[in-house]
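Visitor: I am new to this structure and would like a close look at one part of it.

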Amino acid sequence: MDTATRIGRLIGPLRRAVLRTRRIEGLPDLPEAQIELLRSLAEDGPCTPREVAGRLRIAPSTVSNLVRAMTASGLVERTPSATDLRTVRLAASPKALDMLGRYDRVSTGALRRALDELGPERREVLERALPVFAELLTVLEAQSQPGAASVGSPGEPARGTGQEPVRETGQEPGRENGQEAGQESGQESGAV
């Protein structure tokens, strides 16, 4: 099984396992789309529905539907613009901010406990992989934009990206040439 397939098969179950920790603690079960919208409002401050749609890369009509449900449940506050009465500003309510804080504490605690059950070498591998996951997210988001360059087949660079070809070895990352995961040849394993 190639790396893309393995990542794709792990992302959903991993996300759902983290979400289950929230349910165990008795927190409300919000759809992930609502949580993303609330995070955007909490981190970026009040903004228009169109701005939120742009940040989250979703259709304005989707934002409208989310906001309607979230306003009814007291998670989003709508304030008319002082300069344009056709426009509203959206903000996360105090209730929503409290809920996000609780979600983060519960999820982070569960992840810390799970990470503690892994050996230090495996934790280091995960820590070193985090920038790669962030870069992967950036690449996937860029590819999903209208007019994005098409992606080449395995072993070819993505057209229009200037990236080097990807070499598929069929081995786990970090295990080429008999290396332990997370080690580069000639280097000792250490915290990054």
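Visitor: In what do the side chains of Glu-124 and Arg-128 meet?

Guide: They meet in a salt bridge, at 3.9 Å from N to O (a side-chain nitrogen of Lys or Arg within 4 Å of a carboxyl oxygen of Asp or Glu). The model is predicted, so local features need pLDDT of at least 70 and side-chain atom pairs 80 or more, while totals for chains, interfaces and linings use all residues. Residues are numbered from 1 along each chain as its sequence is written, and side-chain values use heavy atoms, without hydrogens and water.

Glu-124 and Arg-128 both belong to helix 6, 4 residues apart, or about one turn of the helix. Helices (H or I, at least four residues) and strands (E, at least two) are DSSP runs, numbered from the N terminus. Glu-124 counts as buried because its relative accessibility is 13%, whereas Arg-128, at 25%, is partly exposed (buried is under 20%, exposed over 50%, partly exposed in between, with a 1.4 Å probe and protein chains only). Helix 6 covers residues 120-143 and also holds Leu-126, which is partly exposed at 38%.

The structure has 7 salt bridges. In one of them, Asp-104 pairs with Arg-39 at 2.6 Å, N to O. That pair links distant parts of the chain, 65 residues apart: Asp-104 is in helix 5 (residues 94-116) and Arg-39 in helix 2 (residues 32-44). Asp-104 is partly exposed at 33%, and Arg-39 is partly exposed at 23%.

Another salt bridge joins Arg-89 and Glu-51 at 3.6 Å, N to O. Arg-89 sits in strand 2 (residues 88-92) and Glu-51 in helix 3 (residues 49-56), so this pair ties together parts 38 residues apart in sequence.
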